[in-house]
Amino acid sequence: MSQMTPKNKTRRRFLLGGLAAGGALVVGWGIQPPRQRLHTAQPLPVSGGAVALNGWVAIAPDGTVSVVVPRCEMGQGVNTALPMLLAEELDVPLAQVRITQAPIDKIFSNLEVLRENLPFHPDDRGTVKEGAQWMLAKVARELGIMMTGGSSSVKDAWLPMREAGAVARAMLIAAAAQEWGVPAAQCKGMGGFVVHQGGKRASYGSLAAKAAAAGLDIAASDVRLKEPGEFTLIGTPQARRDSPAKVNGSALFGIDARLPGMLYAAVAMSPVVGGTVASFDAARAKAMPGVKGVVDVSSALSGQTGAGAGVAVIADSYWRARQALGALAVKWNEGANAGLSSADIFKGFAGALDTESGFTYYKHGDVTAAAGAVKTKVETKVETIHAEYRAPFLAHATMEPMNCTAQVAGGKVRLWASTQVPSICVDMAAKVAGVGRADVSVDVLLLGGGFGRRLEVDMVAQAVAIAMAAGGKPVQLIWSREDDMTHDVYRPAALARFTGKVDARGTIVSYDNKSVSGSIGHQYFPRNLGLPGVGPDKTTAEGEYDMQYEIDNQRVVHVIVDSQVPLGYWRSVGHSHNAFFKESFIDELAHAAGQDGAPFRRALLARHPRHLAVLDAALARAGTAPQGRAHGVALHQSFGSIVAQVAEVSVTDKQIRVHRVVCAIDCGLAVNPNIIAQQMESAVVFGLSAALAGEITLKNGRVEQGNFGDYPVLRIDSAPEVETVIIKSAEPPEGVGEPGTPPIAPAVANAVFKLTGQRLRSLPLRLA
């Protein structure tokens, strides 16, 4: 554990200094204009007579439009929402659009996911924030990381995909105008046709080759994008384009890859966190039917990964590979973590809060002076509330367990994977196989759930190491559910302490919050990006330091403790537990002030009309709780979106039941209202699973949970009715995939307090 508070150094100074220390900034580079995001380095692959008009769109002679979608479909609807952006500006019916996988190219890198990873408060304005975000977007563009995460898919694609559609439309119009000998200004795109005001019409399919051959040099800056009032597709509810295939069973996920001569692999991994292989009996396993080989894959991975050390068996069927693992008789060096336990981890957290000063993410006013000033007023009664909250490690528990199919032959590597980071997969495969990046290709299939687990590439490293021993044949590696559960990269456990003071008028005099956890960034960046994992990590304190409430005197501090347990990004990341801490404690302050949580929050939002509107919308839709039930309220901003939830809860024989959840969201302009409602429903169910039952514990260095029997998810008969209210907005789109998860746990906990008088400060929520 280490102290993370540099003296006399502000958050912004640390940020910019950290970028420079990371090697991202060089003299002169920072003043260069941003790189273009319209054309790929290599021509876009096309077939069937189609022609590419830029790096995002190609049009076939029959008018079919192929749109590159650079983000991975894992149930969040990007294969529907992103084509809508391009189709809107291209003026083509959505039914005419087909999706094509993005090649590995820097124009498809996710700029927003890094740009939004800066520790600024949402209320911050000015050139420092704008300059830092601009600079980090340039860093992201240079790194070229193709990533699906951070609820950033639509937000990142909002401009480049619309610009690509608008540029393609302008090229088609220019081609038609040349052919007809008329000014381009007299023509427009309409439903897949260029239409002249005199009545002439030509299909996009008939014009595409002419537009491409003419070499029309049209830049994104030369076209005018539509204003929101001109949209005819964006903002309308559209059916999910991936649903039919998922319903009829034709959808292909990573685990569905099937190739001629394919072999299968199963892997035994150290049961102790950080353990290594001592010995194993390869001969016995190789003697079993169908077994083709045994491979120690430990050296394929370095640093803290979910996989860790392991030995794989290759066979002609997965069942035979799995059965042969038992014959390996692997002996393990348990190492320094053989005695590690959850109890010890939380004991270390408490000690760190006692002794470490931590890093101050946000400070407004003077917490100590404010409390002292109130004490001097004899007539003013001040109530002081102390509270300690905790959250456990959590697994991702995706329905599709980890898997990857790899083939290494002729100095080339080919991957078939369900991944959130195809570019990092390519880098990892090249490293393990000892080939160049250009010698690796990846087919990205549908993801059977991601939630952040597929931001990792440990299973890719293993699969490539195994394939190198398979004589050129493709090998599909599949983890069992138990492998997946016990070798995850877990949502960090955390401990938070609060001290709040409320005066007789119900005003919060001071608000002091100090928390502790491991850092995801300190592990993720070194193991996956080759970047240093140092300094404060915004995700550890997000949801605490960036809260919306107007409190004159507040301080938010976080302490990072090095984690022996592998940590990873889990849906809504730090917001997932910090919202529970913050929104529960706000309710405690409301109770101390003799007020209900809803009006207490309203009084703290006088200068935040968007937050207030979201809260009021949720309260209005929720109405009054039926007899025997209570409403709990929570309001939280994450990934740019503001979400308020009202949970309708009952308690019977100490069992908590959530019957209904009203969820109001302001996510900027709603590209597809259907998908937003679906994501809110998904986020509520995902968050409730964690709030009511989710917990990963360690004993003797081992994860104790192995399957859904001891790590349950919410079943359909316990799922609440979820009603979504979307606040109308013309602001650019913000995140949707994750913001619905953070408020649900505190909303339920606050309702339980109303019903029982018990303040539940630990997750999962359990009544004594």
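Tutor: Let us begin with a single side chain. A polar atom of the side chain of Asn403 lies 3.3 Å from the backbone nitrogen of Ile255. A polar contact is a pair of N or O atoms within 3.5 Å; within protein, one must be able to donate a hydrogen and the other to accept it, and residues adjacent in sequence count only if both atoms are side-chain atoms. The side chain of Asn403 also has a polar atom 3.0 Å from the backbone oxygen of Pro401.

Student: On what basis are such values given?

Tutor: This is a predicted model, in which local features need pLDDT of at least 70, side-chain atom pairs count only at pLDDT 80 or more, and totals for chains, interfaces and linings use all residues. Residues are numbered from 1 along each chain as its sequence is written, and side-chain values use heavy atoms, with hydrogens and water left out.

Student: Is Asn403 buried or exposed?

Tutor: Buried means under 20% relative accessible area, exposed over 50%, and partly exposed in between (1.4 Å probe, protein chains only). Asn403 has 2% relative accessibility and therefore counts as buried. Contact means heavy atoms within 4.5 Å; not counting residues up to four places away in sequence, Asn403 touches Gly254, Ile255, Ser418, Arg454, Met459, Leu477 and Ile478.

Student: In which strand is Asn403 placed?

Tutor: Helices (H or I, at least four residues) and strands (E, at least two) are DSSP runs, numbered from the N terminus. Asn403 is in strand β15.

Student: What is the order of the strands in the sheet?

Tutor: Strands of a sheet pair through backbone hydrogen bonds, either parallel or antiparallel. Two strands pair if DSSP finds at least two bridges between them. Here seven strands form an open sheet of mixed pairing, in the order β10-β11-β8-β18-β15-β16-β17. Because β10 (291-296) and β17 (440-444) each have a single partner strand, they stand at the edges, and one side of each lacks a neighbour in the sheet. β10 and β11 (residues 310-315) run antiparallel and are joined by five bridges; Val295 has Ala312 in β11 as its bridge partner.

Student: How many disulfides does the structure hold?

Tutor: A disulfide is a covalent bond between the sulfur atoms of two cysteines. The criterion is a pair of cysteine sulfur atoms within 2.5 Å, and the structure holds zero disulfides. For Cys72, the closest cysteine sulfur is that of Cys425, 8.5 Å away and so too far for a bond. Cys72 is buried, with a relative accessible area of 5%.
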